Amino acid sequence: MFAQVNDLNMFYEQRGERSWPTLVFLHGFPFDHSMWRHQLDAFGTTHCCIAPDLRGHGQTTRLNVAAGQVDARVSIEQMAQDVIALLDQLDAQQATVCGLSMGGYIAFALWRRHAARISRLILADTKAGPDTTTARENRFRLAELVRAKGARAAADAMLPRLFAPSHLNSPAAHEIRAIIERTSPDDIIRTLYALAERPDATSLLDSIHAPCLVIVGEHDAITPPADAELICRLAPGARPPVVIPNAGHLSPLENPAGFNQALADFLA
Ligand code: MLT
């Protein structure tokens, strides 16, 4: 389905009835809504699940842009405003928000400005802190590589760190490669800059009194379990992190049964 929100023709998948409690899934970078397919299958029978393709990703496009015109508005803050605009259109006053990695950064941005709209938070394979200097430099290097060689360079560079070693040749890894390679290099570059510029969310954590589930893959090399533990230590609403066995950074895809069990226990 598509909705016109802000300057976007935003794609989103919806499962379940609008009258059911809203559960929003925010994907990581540079993926799309389909990374949540196991969760949509499992929770679309009890919740109104909404999984958008975020700005610059998947089937979401900008309205009325000339070909080749780069989106100057990409930021984590803007992506959060897009999500709120989508919820407004769907008449969802409150939602449980589940974000993975970049989706978690967006969930923090939502909490910063729209906490009243969030009933519960699920933060998966993400972190509150900003990029280190080295991480920023790595993003700028990757941006240059993508400018020179295209989206495939992003897939080559990112894949080994996204999955646990045992899943590197899995169908899920091939799917994720295909999604990255379909993403426009300009959008990848813009989003890399937006990620590098995102604000530190650490000082926000002590305001998170809403029930908060923190999930992390045991082999997550990008946002390892220590990042999840920090969130749980500082956020009053968080319970101890759930560590998903046999999973890396993409725990909902790598171990869907383990991820869904954690989610089901929390939502029950
Ligand atoms: C993601 O999965 O969204 C990215 O790994 C986030 C990041 O690079 O910080």
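I started at H249: an N or O atom in its side chain is 2.9 Å from an oxygen atom of the ligand. I take a polar contact as a pair of N or O atoms within 3.5 Å. The model is predicted; local features need pLDDT of at least 70, side-chain atom pairs count only at pLDDT 80 or more, and totals for chains, interfaces and linings use all residues. Side-chain values use heavy atoms, without hydrogens and water, and residues are numbered from 1 along each chain as its sequence is written.

I then looked up R139. An N or O atom of the R139 side chain is 2.8 Å from a ligand oxygen atom. For Y105, I found a polar side-chain atom 2.6 Å from an oxygen atom of the ligand. I also checked cover: the protein takes up 94% of the 270 Å² of accessible area that the ligand has on its own (Shrake-Rupley method, 1.4 Å probe).

Next, the surroundings. I list G28, F29, F31, S101, M102, Y105, R139, I222 and H249 around the ligand, with a heavy atom within 4 Å as the criterion. By class, I get 5 nonpolar, 3 polar and 1 charged residues in this shell; Gly counts as polar, Tyr and Met as nonpolar, Arg as charged.

Last, the rings. I find 4 aromatic pairs in the structure, with ring centres within 6.5 Å; planes under 30 degrees apart are stacked, over 60 edge-to-face, the rest tilted. F25 and W36 form a tilted pair, 5.0 Å centre to centre with 40° between the planes. F25 is in strand β3 (residues 22–26) and W36 in the loop between β3 and α1 (37–43), so the pair ties together parts 11 residues apart in sequence. Strands are DSSP runs (E, at least two residues), helices likewise (H or I, at least four), numbered from the N terminus.

Conventions
A polar contact is a pair of N or O atoms within 3.5 Å; within protein, one must be able to donate a hydrogen and the other to accept it, and residues adjacent in sequence count only if both atoms are side-chain atoms. Rings of Phe, Tyr and Trp (its six-membered ring) pair if their centres lie within 6.5 Å; planes under 30 degrees apart count as stacked, over 60 as edge-to-face and the rest as tilted.
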